[in-house]
Structures are given as C-alpha cells and as structure tokens.
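Dear colleague,

Please find the structure below, together with its sequence. My notes on what was found in it follow.

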Amino acid sequence: MSETVEREVGRARARKEDAHLITGQTNWTDNIAVNGLLHLAILRSPMAHARIDRVDVSAALERPGVIAAFSGRDVAEAMGSLPCAWPVAEGTVMPDHPPIAVDEVRYAGDPVAVVVARDRYAAADALEAVEVDYTPLPTVLEIESALDENAPLVHSDKGTNRCYDYRTTDGDYAAAKARADVVLTRRYHQQRLIPSAMEPRAVVVTPLAASGEFTLYSSTQIPHVLRVLLAVTTGIPENKIRVVAPDVGGGFGSKLQVYGEEVIALVLAKRLGRPLKWTESRSEANLATHHGRSQVQDIEIAARRDGTVLGLKVSLLADMGAYLMLLSPGIPILGASMYPAIYKMGAYEFSCTGVFTNRTPIDAYRGAGRPEATFAIERIMDDLAAELGMDAIDLRRHNWIRHEEFPYTTIAGMTYDSGNYEAATDKALALFDYDKLRAEQADRIDHADTVRLGIGVSTYTEMCGLAPSRWLGEMRYAAGGWEAASIRVLPTGKVEVITGTSPHGQGHVTSWSQIAADVLGVPFEDVEVMHGDTLLAPHGMDTYGSRSLVVGGVAVHEAARKVVDKARKVAAHLLEANEADLDFADGAFSVKGSPEARKTIQEVAFATFASHDLPDGMEPSINADHVLDPETFSFPHGTHLCAVEVDTETGAVHVRSYVCVDDVGKVVNPLIVEGQLHGGIAQGIAQALYEEAVYDEEGNLLTGTLADYLVPAAPDLPEFLTDRTETPATSNPLGVKGVGEAGTIASTPAVVNAVVDALRPFGVRDIRMPCTPERIWQALQPGKEASA
Amino acid sequence: MIPPAFEYARPSSVDEAVRTLADGGEDAKFLAGGQSLLPLLRMRLAFPELLVDLGRVPELRGVREDDGTLVIGAMTTHHHVLHDPLVRRHAGLLAAATATVADPAVRHRGTLGGSLAHADPAGDLPAVVLAMDGELVAVGPRGRRVIPAREFFVDYLQTALAPDELLVEVRVPKTDGWGFKYEKFHRVAQAWPIVGVAALVRRDDGHIAEARVGLSNMGSTPLRAATAEEALSGASDPDAVARAAEEAADGTRPAQDTSGSPEYRAHLARVLTKRAVLAAAGMG
C-alpha cells in the first residue's frame, strides 16, 4: 500500500536555483567565454539634444587591438528601427529609432558610435579616439512643458511632442460631480526611476558561418519575444536566430525590452563573422537602460459627505522619454483600469497623453502602470478621509466591494473574480495594533513632540497575469498573452518540464517542479525545469507582469493533467481495466476495488518508451503540451499599513513598522511568495523615500552612479511583518494569483500616506516623491506651502 | 567601467615606496585601500601612469601609544581602527565615526590614511581628526615632517602633502575623560553624510569647559565650527547648548548638490551640532 505523498503545492521548499547562485556557479551572460570573442564598446552622447555634424572613427581604428568601428550612418540600413509593439491609440506617433543615432542625438546616453576590439580594455580606450561634432539643439526636459506652444521638438519631423491621446469613460462623471458634496482635486508626480537590476545588461552573439545561424545570449526577460523582434528588425530569418537567456540577475521590467545593443551585437557579429560581447557598466545602465514611471497625475474624486465615492476623473501626462521602446505607450494605460481600485462608484473618466522629452526612454518598471494608479487612488482616499474627518480605514470600508459581491465588475470594466478586503484588512489592523498607534500619534501631537508619528494605509488590488490575448488585441498590442508548457516523462521516470516563462529571480524551477510533482505524483527532486532558450523551449511569451505562475504555471499544471490522461489509457490497457475504473493517486494507477493491481506513472512511461504493448492506435508517447490563453486577469489584493516617525527638525523619516496582509490566492511556495513581497515592498519604499533620476538643466543625468542614485539596502529598510489571507482565484484551476509586483504596487502609497499623515497637523497635504528629508524640512518652513 | 592602463608597483617599505613614486615621475600615485582612487580610475576621471600600492608595507599598519598620543599607521584599515582596543579606550570619537563609514566591505579595505589624504570634505574622518586636533606625519625625499590637521586640509581634495610625500602616520591626542559624539546625517546607510558633526566635550563642574566641533561636508574642506565652539564654552544647560549651536554654520560654505542645498546643510549643521554636543556633554 502506498503512503500518501505530501503535497508539494503549498510547501515552503528551499529553491532549487539557490545553490548554484549563492556559490557563484552562475552562468551570467558576461561569464560566457568563446574562442575569438571580440568586445563592443559604445560611445554615448554627452548631450541631451544635438545635431550630429560629423562622426569620425578613423583615429579609433588606429588604436591597438581595434578591429572595427562604426558610426550610426555606417550601419543604419542593416540595423533598422527599434520596435514599439504597443501603439495604444489611433495615430500614435511612432518616431524612427535607430540603434545608433544617425542625424540627431535625443538624450544624454543615446549611442553615436561603436568600437569593436580584441578585449574590453582596448575597446574602452578606443572610444576616446572617436571624434564627434555636435551642434546643440534646444531641449525639452519637463513633461509639463513638453506640449507648450513654443516647446522645442524632440522629433522635429513629427511636428509635435504629443505621442498619443488615450481616453476611456464609463458613467457620467460630470453628473456625479454635480451631485457631490466634496470634490477633491490633486496633482501627484511619479518621479523618474532607474530600475537597477543587480546584473546589468549583457549580450553575446556567436555566429555559425557554415549555416548562417546566430546564437544570441542576453540578460533578458524575453528570449522568445526578442527572437521574433530581432528577426523583424534586422531581416535575419527568425529560424536562423536562437536566443538564450542564461542566468539573469533581475529585470523588474528593464529587461522586458528589445535593446539597441542586442541589435548592434547581432548585426555586427554577422558583418564581422566573429563572436561579440557587450556588457554595460552600472553608470551606463543608469543612462541607457530604460527608466520607469515619470508621470504627472491629475486626479479628481467626487464624494458625498458620508464618504460615498460617486466618481473619479484621472488625467495623465506620461513621459515616453526620447523614443518609444517596446511597450512605452502602453505602460500608463496598463493602469487605466485600476484607478477605481477596490471601490464602487458610478462614474469614471480616464485620459492619458503621452509626450516625448529629451531623456532616457521610459518603459516597464515593476508594476508598470498599476503602481501609479494605486498610488493616486490610495493617496486621494487618505486625503478624502482627512477632508471628511473620517478614519482612513473607515472611508475605505464604506466604499470597497464586499466579499459577498464577487465576482464584481468595476466601473473601469474589469471583472474581479474573488477577494476579501474585509478579512485582509482586519488581520492587518490587528497585527499592526492600529488603535494603539493612533493613540500614540495623538499623544505626540498633544506634547508638540519634535518627532511625529504618521500612519499610512494602502488597500490595494491590481490586475496582473498578462494577459488575455483578446484583451491585448483590443488594446492594440501587437502580440498575444498565452503561455506554453511541455512535459516529458523520460524512460527512467524522470520528468522534464519545458516552460515558455523566462525566470530571472522568480524561482520558477522550484515552483513548476512543485506543480508538476503534485499532478504527476513524482518526487519533487525528479523534476527538471528547462527554460530561457528558444532551442530548448521554443514556444513562449516570457516573464513580466506577474504572469508566470497564473499563465505559465497553470499551463504546466494543464500539460501535466494531459500526461496523466494519456498515461491512464496505457495503464488501463496494461492492467486490463477500463479507464473509468482506475484511480490515480501518489503517482500510481490502481484498479478500483483491487488496489494490488497497480502501475506507477514511471512504469507507464517505460512501457510507453518500449511500446511493445500499447492500446491499438495510440501514439507511443505520454508527453504533452499545453498552451494556455488566460480568460481574464489575476487580481491579488491586500492591506498594507505603515507607521513612520518624522523628525520635524531634520525632515528625516524612519519607517518604524510595516505590516502587510496580502491575498495572492492559493500559494505554491510560501517562501517564494514571502521573497517576492519583501523585494517588492523594498522597491516600493525606494520610490516613496529614496530613488529619483535627477537631471540638470541641460539634461545631463546627475544620478549616474549608485553613489548618487540611492537604492536602499537592508539597513535602510524596516522589518516587514507579513501575513496572508487566502481567497482562491476562480479564474484558474490552481486558484493562484500573481505576486511579483504586488508589494511594489501596495507599499509606495502606504509610506507616503504615513509621511503626510504625520505632517497634516502642520498643514502639509503632500510631499513629492521621493519624500526626502530636505523636501519635508522645506514643507515645514513657516510660510511655505507644501510642495504640492 | 574600465580604467585606462597604468603601471603598478608594490614596495615593501616606506623608503622604497617614496623612492618608487619619485622615480615614477609626475603621474605616479600612491594607492592605499582603493576606495576612492579606484572609482576615479574606473570613471576615467584620473589617469595616473603608475600606481604605487601601499598594501604590503607593514610599517604603515597598526596602532601604538606614544605618551599622551595615539599613533595610527596610515594604512590601518577602518575595520582595524574601529576594533582596536587603544582607539576604543583613548579615541572613542574616532572609533564611533569610523563605525559609520560605508559598509563592512569598504571598512575592510579602506584605510584611515587613505581617507585623510583623499581629503573629501564629505568623508567622515577628516572632520574627526580635525576636531581631535590630530597631526599628520609625512615622509618624502626631503625627510619627515609633522603637519597639524588644521593645516593639512587645503581645499577640495587637496592637502598640504607635497606630490612626492607619503602620509605615514596619524597622531591623535588621547581624549580620555572627554565626551564625544559623531552625528552623521545621511539618507542611506552606505552614503556619505549630507552633513556630519564630530563633537568632543570636556566638562568641568557641570558646565562645558571646552568643546571642539568638526564639520563634514560644510565646505570645500572639513571645518571647525569655531564660533559655536567659543559660544559653547561655559554652557551649563541644554538651552545654552542649543543657543550656541545656532552658530554652527557660521563661516561655512556648503555646496549645492543632489543631496542637499546650502540652506538645508546649514540648518542640519545647527541641529546636529546641538544634538552631538548634548550627547557628548551627557546633557541629552
């Protein structure tokens, strides 16, 4: 009799990936060594906007070890224009985007020339010999002035800095506003952020002269999408390109991209017939890896005196930077459905205008559109509570969707399948000791303490699990949102899971092993997960938007179920029983009523391999594929509570306690969920308090290194007290919801709300992010209006 | 980032180091712990032709007593300074400030002498040695000389060391019986101070007999808050300290950069001086 195997899903398994990562046995792209490898270095514009009058690489060619050097014009034809896959609105302005600038540079960091040399030292030295003459052009740096009548144009051939206008409405906002007792209008600023993945970008291309094939290794989140778009961009046939994402050290959206450097490396490897490597430095990454956020958000909320929200109006100016990258126009639109958040209301207006500026292009950064939405709605809900004299939690409770109302279609048209905001909030309040902290806050006010306490609330939800292909089509996105999985049960009983997701820190090898082990009834250790190589895992849509588990993990689950279904036919045949009479448990088929007649799935796999005795007409394989297109999004939610101490003498903020209760549905691996939340909250706090890409008046990046761009580390962050509620998703058979971005989305408004809450007695109602000590000190100076 | 090419030498004595540098011509540089120089090389802001690595010169390391003075070898790492029993007993301010330098990795490589010779006004230790009335001992082709800390820091990243001189020792008077506090204000643990205040206070009969206040990042060199020091003399209660601390930014010229405006830095200098002196005086 078999013992019951402990279920894998739900177990806090240590990650299979970690041993090689923490012992340095890693295969980063920069570690790849190939015979005859040449090294690329890229000369970048020192100016934010200039005409290129002359590029002369001849002196660089004279330098020792230099093999080749090219200006943008030399290679423009072969390199094409970098792709943008998301023209969100009709008439979206799509400027030409050469990987190396030809006539004009449009941001400080725009490539102007490339040098190829025998080693990276020679390449770096030779850059100094490239001569470039520039004529400076006027710049447009600020989002808010980009559409001014006399604003300089980033792309003069387009005649405008306006990239697109996007609108969506439901209900009659004007009528809602007319009925309201209170209308609050706010302008929030999402600062520009630098994603700062631990591993900077790197690319290696190895050409195979005999067959005209190219293998491109890249520190990318999207090997599959990249392969398609490299083919489209360069004209090299897709079936001659293999893309490999080896160990990838984080991305946070910054590697959800088709980068010029990838195209440059591919085209030059082809032209030179030699393998090439390019690895960026950290300061190059700060300039030239795409940035995130950078929006001006105008938001207006209309409510009754009792706190009932009647309607919401949102109007965004979204910075595209100098060019459109893969998803640039779509990023703010990913937030369009999420401003109403968890609240019921009768009217909603959303509009967004994308604008070009002379700064590094903007694209996805952890959360991509939803953190902006959650920030704005959660900030204004706190402000509305203050305006109405209500408790911030009570106001939310008054407006949110009650758990018995699910599934619920919001005013923005999203149907949330499940959720329980009451349960998560009650649990969080208890963990946080909310009432006691409120009492301490009042006490400090009474004593005119120089250190004030602030309490911030964020009851967020988000939409993730990108995405139903049909929805993407309606949104004018060029591709679909499905995910593929294949399962092979080998003759020895070991299992290979081939996934189209492309992990770069998320632990898919562990989680997918757990899922497959449960369905197939095989040991966790017997499952191998293969990914990130278009030769090995040819079919995929990669990893971003908290999609991997809810789309790709569910695809693994479904493929495994197909394997069991096929195996059942073989087992029934071998056991001389009807399929319907077979039980399958703990990895073995047995005949109902006579449990001694049994075949393990490994035995079935071997019998299928041998194929001596299969059912008539059956193919000799129990392997199976599944491609899953999600029917809807995933809607994790939770309640985050933050207490900060603000030193009113210096403006310093100390995060004293941080509590979150998240509901990500069923949990496959609690350790991984915990890790995602910790990292996510850290990045959200980073936006609230620390990080900002700062430019001078000429458009030079001042935060070009990690000494200036402050990424907080462990000593700068509080202990996170995390807990969960578990309301299973009804949209997939595992009941799971995405978790990759939840912490980031939730935490930023919780922290800023706490800072503002501490300062409200001084008449402060907003502090621009990051809430630096100096900004807080400025806001507290007598006679100064808060920086809103 | 990739530094330009340079020659490299690793002497094993002070004499050899000084000779090697002199022979290396104008573009030769000493390399101490590398925590400031290597970033400059990698960002191609410095182009030395020869680096003379001091990492294997044993006589430059270690802490010893010389009567009322502690003598600290210039190549003693922050880690060793911080954990040295003599430093902890007789120069608590130096130990406390060193504990705030960057992170453990940096403190294991960076050296006291390197940080003083680099003379970054945003560094923690220049202001500390200045507040302690320390002395710097230099050796060059023309011999050995002692430079008071007050004369050592000349301008932004510039010291009184001649180009061919090597800083070999840091001498600080023992401050047994003095109260001390280093107040460092920075946004993340690894960052330089926006403003740092190093306070030493000697109390006598309930009032402050003498206060020395060193300021980090309040000008192109580390500074002493002279006006505040004077005003602190005789202060016997927190209000008097607070009033005296209002003078802390007097005579300073703090910079404008991404981490703060001059006005904010001046404000911080006043607040932090108040806090540091109160703590050092045991009045906090």
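Two residues are taken to be in contact if their C-beta atoms, placed from the backbone, lie within 7 Å. This is a predicted model, in which local features need pLDDT of at least 70 and side-chain atom pairs count only at pLDDT 80 or more, while totals for chains, interfaces and linings use all residues. Residues are numbered from 1 along each chain as its sequence is written, and chains are lettered from A and ligands numbered from 1 in the order in which they are written.

I begin with the interface. On chain B, 17 residues are in contact with 22 residues of chain A. Helix H12 (residues 262-280) of chain B supplies the largest share of the side of chain B that touches chain A, namely four residues. Helices (H or I, at least four residues) and strands (E, at least two) are DSSP runs, numbered from the N terminus. By class, that side of chain B comprises 11 nonpolar, five polar and one charged residue. Here Ala, Val, Leu, Ile, Met, Phe, Trp, Tyr, Cys and Pro count as nonpolar, Asp, Glu, Lys and Arg as charged, and the others, Gly among them, as polar.

Next, the domains of chain B. The assignment gives domain 1 (7-52), domain 2 (60-173) and domain 3 (181-280); such bounds come from an automatic or database domain assignment. The C-alpha centres of domain 1 and domain 2 of chain B lie 19 Å apart. Between these two domains, 11 residues of domain 1 of chain B are in contact with 17 residues of domain 2 of chain B. Helix H1 (residues 14-23) of chain B contributes five residues, the largest share of the side of domain 1 that touches domain 2. That side of domain 1 has seven nonpolar, four polar and no charged residues.

Finally, the backbone of chain A. A cis peptide bond joins A:Phe406 and A:Pro407, with omega about -10°; A:Pro407 is found in the loop between helix H11 (392-399) and strand S16 (408-409). The bond from A:Met769 to A:Pro770 is also cis, with omega near -10°, and A:Pro770 is in the loop between helix H19 (742-759) and helix H20 (773-780).

A:Ala448 has a positive phi, near 50°, although not a glycine. A:Ala448 counts as exposed because it has 9 C-beta neighbours inside 10 Å (buried means 20 or more other C-beta atoms within 10 Å, exposed 12 or fewer, partly exposed in between, with C-beta atoms placed from the backbone).

Kind regards
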